[in-house]
Amino acid sequence: MNLLKGRSARAAAGFAGAAALLFAVAPLLLSDFRLGLLAKYLCTAMVAVGICLAWGRGGLLTLGQGVFFGLGGYAMAMHLKIADAGPGNLPDFMQLYGTATELPWWWQPFANPLFALAATVLLPMAVAAILGSFIFRRRVKGAYFAILSQALAAAFAIWLIGQQATTGGTNGLTDIQGFFGYALDDPVNQRMVYFVIAAALLLLIALARQLVHSRYGELLVAVRDSEERVRFLGYNPANVKLVAYVVAAGMAGLAGALFVPAVGIISPAMIGIVPSIEFVIGAAVGGRASLVGAVLGAVGVAWAKTALSEEFPAAWTYFQGLLFIVALAFLPGGLASLVGLVRRRMASQATDSEETKPVVPVGEAA
Amino acid sequence: MTVILGQTFTGISIGAVLLLIALGLSLTFGQMNVINMAHGEFIMAGAYTTYVLQKSITGAGISLLVALPVAFLVSGALGALLEWLLIRRLYLRPLDTLLVTWGVSLMLQQLARDIFGAPNVQTRAPDWLTGNITLIGGDDPLTVANSRLFILGLAVAAVVALSLTLRLTPLGRRIRGVVQNRDLAEVSGISTERVDRTAFFLGSGLAGVAGVALTLVGPIGPTMGTNVIIDAFLVIVVGGIGQLKGTVIVAFVLGVLQSVLEYSTTVSVAKVLVLVAIVAFLQWRPQGLYTLRTRSLV
Amino acid sequence: MTELAGLEIRQLRVSFDGFTAVDGVDLDVHPGDLRFLIGPNGAGKTTLVDAVTGLVRAEGSVLFGGDELLGRSVHRIARSGIGRTFQTATVFEELTVLQNLDIAAGAGRGMWTMLRRRRTVPESVARTLETVGLTELADSPAGTLAHGQKQWLEIGMLLVQDVRLLLLDEPVAGMSHDERQATGELLQRISEERTVVVIEHDMDFMRSFARSVSVLHAGKVLSEGTVAEVQADPQVQEVYLGHTAAEATADVTVQEA
């Protein structure tokens, strides 16, 4: 099994390189402001890891990752708002809009830091599990699933906006000061948050990589390409898809939770239809079925958005539209498939081409 | 009693709007299985067409009536163009089509912003559409806005026209032939490419008509399409693929449901509850209200 | 190897929106039989297999080794030991031959096994690779296989799945003469340990390898017996000689349904 060994050696080298870049090079080269932006992009990349798993591998085009990102983000932000307000006080916005004199019952558990931390990941996973088991069991798939997931994102954002007294409405939960006792306006602490995010991203990539290369990962691709055939082999494809969907939701939840201390705010505008679909575009541009591609794509697109929209907001929208069109219509494997193409060409030029792994498989589960 | 009737009638008029915006989709998504997220922007194009026409034609009534066919042509042409440029390359990849057309929709929105500005604009409704009709008089009257009745009429007319076109004309027969068996249609001498493009023209044109109607009930803006597109897709998903009657029934049912729930809760909670109802409904009928049963693997 | 099991079908009926594709079929397949189902297009052969495997809803009764199958979900029927192939070979094109077989072998695996990598080739998979002659191609993506090889891979997947009943829908369609011969011999070997039902149009293939034959026509069993008995049946001769009109109408009805 030379091939296997070579693959894991390459992966280990890749991880070491990525860790060096994230933990040494980036903090040295980037200003505090730029490092903060990078932290934000890495959160997007964490969502993309999940999308790579669910969509790239499992064919589940989830246009509602914003919901899970938001659940994680709000769970974290609720705790931080309560902590900011101090014992016995209401979070600032509730004093402003609300008539309530005490915390709403569904806020109260979030006062406990352990509960809140667990909820950032488990709450999105639970919602995904309930929703997914309904949807997949009845074989709602392909475009139907995509549309339903998008409707979910829309409904969640609308609901949040409607509950101004308890969720902050359109503004969201803003002006978050502290992160478990550390003041977030201190650059040192901001840097710490960045390191936590970078470590979390590497962890999620390692987790996703294990899943992709496991027997489950092979089965997931099989379900994507021919669900009915898998059923005739005695598996229940609904469960296979559910696992990918729930894991992706957990990843998005964690991303949302870490996004909050990095940026200091969570609002419906960050989780509705548009941001949900923006999560997908990064993965699509980089290569939906390739973990590295999806992560780099997500960071690249998020960076391009900041760089372009700072100066030319209109140009950014056109550029984003073009990205969608070019990446999906003409390069469905994303940039990662270009790498594969080059590698294959080089391999065919070399005399003995031992490795004949297929290039980033991209399938369409309709 | 009047409250219930009133809510029902509001629901029916919400349903009429839903029906108009979903009708074009029932052709492009329902019949041809193409998920066109830019459909909402074709609606927007229809609305802006009305706005532009009203600026050049003084009479609000005449400009509205002129806008109907013109918007149909404008949006239809946009649709045919989109089909020719992109969609025909993607017929076997529905999910990619969804994302590609989302990109198109972003660009069209920005184009609208660049041409007409980001703030919403408004058209004047003609005099004969501004009043109300009293359906039940007395102390507790039930009145209905003329504009709502006009939209209801327009929706009914559009459904009848589309269904007659599909049933009776050679074009309709060809569309149905291509939908049922593309390969067979091709070997029987039907140019599937032309049929696809024509069907797309019709479906997108209907979006334009819907856009004209929307100018009567709300402002015209670059994001108006995004706001309605998901509801429209849900109507088709719940109604069932390839079935006009499903679209019609579901549009009105969802409209009434939305209106009743809005009355008893709030607008935002109603939205969530409608979605829950839809997911629950799909548990019962995953393929939608009406389905074509086939023995194909997918 | 688990014990042999047979299939007992009673008054099976399948209809699609008013059109009855299978109209009261009674069929017994004895344990270890190599049964061919033949009949004109639209006779209901594939629909019959669809009903047995749970793909379409049906009325009546289907007993497999004494257990009722109707009403169970597709994957449960598969787990009870029934495997099938499709008219067009359905393998996982982007996975390798080895991965295809490994997935087929693994429906009963626990969570831990699923979440880890496959380090070695399971013994049953290695054996089946030999049986269907694909050992050399184990690491090739299934999509790159020739048509006949895909059909063999499908049969191989049923073998590692360790099914007791194989339902094969036109397994030799598009194969060369030599490939047919090899496939037929493979099926005969398989039927020593398992029950095999083959839907086939190729009469030569049927004559060479069938142990018993059922003729379906218009959703009913028209005739049943050995190859010689069925060929001598005047009803069968009539259907096969004068069936063109019937086939045309039957096909159209299926399209519309």
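How many residues does the contact take from chain A and from chain B? It takes 38 residues from chain A and 35 residues from chain B. Two residues are in contact if their C-beta atoms, placed from the backbone, lie within 7 Å.

This is a predicted model, in which local features need pLDDT of at least 70, side-chain atom pairs count only at pLDDT 80 or more, and totals for chains, interfaces and linings use all residues. Residues are numbered from 1 along each chain as its sequence is written, while chains are lettered from A and ligands numbered from 1 in the order in which they are written.

Start with the side of chain A that touches chain B. The elements of chain A giving two or more residues to that side are helix H6 (142–162), helix H12 (273–286) and helix H14 (313–330). Helices (H or I, at least four residues) and strands (E, at least two) are DSSP runs, numbered from the N terminus. H6(A) gives the largest share, 15 residues. By class, this side of chain A has 28 nonpolar, six polar and four charged residues. Ala, Val, Leu, Ile, Met, Phe, Trp, Tyr, Cys and Pro count as nonpolar, Asp, Glu, Lys and Arg as charged, and the others, Gly among them, as polar.

Next, the core. The largest nonpolar core has 281 residues. Such a core is a set of buried Ala, Val, Leu, Ile, Met, Phe, Trp, Tyr and Cys residues joined through C-beta atoms within 7 Å. A residue is buried if 20 or more other C-beta atoms lie within 10 Å of its own, exposed if 12 or fewer, and partly exposed in between. A:Leu42, A:Met46, A:Ala48, A:Val49, A:Ile51, A:Cys52 and B:Leu20 touch the most other members. Helix H11 (residues 237–263) of chain A supplies the largest share of this core, 19 residues. Take A:Val49 from the list. Leaving out residues up to four places away in sequence, A:Val49 touches A:Leu204, A:Ile205, A:Ala208, A:Met251, A:Leu291, A:Ala294 and A:Val295.

Now look at helix pairs. Two packed helices are described by the angle between their axes and the distance between the axes. Axes are lines fitted to C-alpha atoms, for helices over the stretch in contact, and angles run from 0 to 180 degrees between N-to-C directions. Angles under 35 degrees count as roughly parallel, over 145 as roughly antiparallel, 65 to 115 as roughly perpendicular and the rest as oblique.

In chain A, helix H9 (residues 215–225) and H11(A) pack at an angle of about 115 degrees, with their axes 10 Å apart. So H9(A) is roughly perpendicular to H11(A). Their crossing is left-handed. A crossing is left-handed if the near helix is turned anticlockwise from the far one by less than a right angle, and right-handed if clockwise. A:Leu219, A:Leu220 and A:Val223 of H9(A) make the contact with A:Pro237, A:Val240, A:Lys241 and A:Ala244 of H11(A). By class, that contact has six nonpolar, no polar and one charged residues.

Move to chain B. Helix H1 (residues 2–31) and helix H9 (residues 224–239) of chain B pack at an angle of about 60 degrees, and their axes are 8 Å apart. That makes H1(B) oblique to H9(B). The crossing is right-handed. The residues of this contact divide into 10 nonpolar, two polar and one charged.

Helix H2 (residues 39–56) and helix H8 (residues 192–217) of chain B cross at roughly 55 degrees, and their axes come within 7 Å. H2(B) is therefore oblique to H8(B). This crossing is right-handed. Here the contact residues divide into 11 nonpolar, eight polar and no charged. B:Gly208 is one of the H8(B) residues that meet H2(B). B:Pro69 and B:Gly208 are 139 residues apart along the chain, yet their C-alpha atoms are separated by 8.8 Å. B:Pro69 is found in helix H3 (residues 60–85) of chain B. With 13 other C-beta atoms within 10 Å, B:Pro69 is partly exposed.

Finally, two loops. Most residues other than glycine have a negative phi, and most peptide bonds are trans. A:Asp175 has a positive phi of about 60 degrees although it is not a glycine. A:Asp175 lies in the loop between helix H7 (164–167) and strand S1 (178–179) of chain A. A:Asp175 counts as exposed because it has 12 C-beta neighbours inside 10 Å. C:Ala218 has a positive phi too, near 50 degrees. C:Ala218 sits in the loop between strand S9 (212–217) and strand S10 (220–225) of chain C. C:Ala218 has 19 other C-beta atoms within 10 Å, so it is partly exposed.
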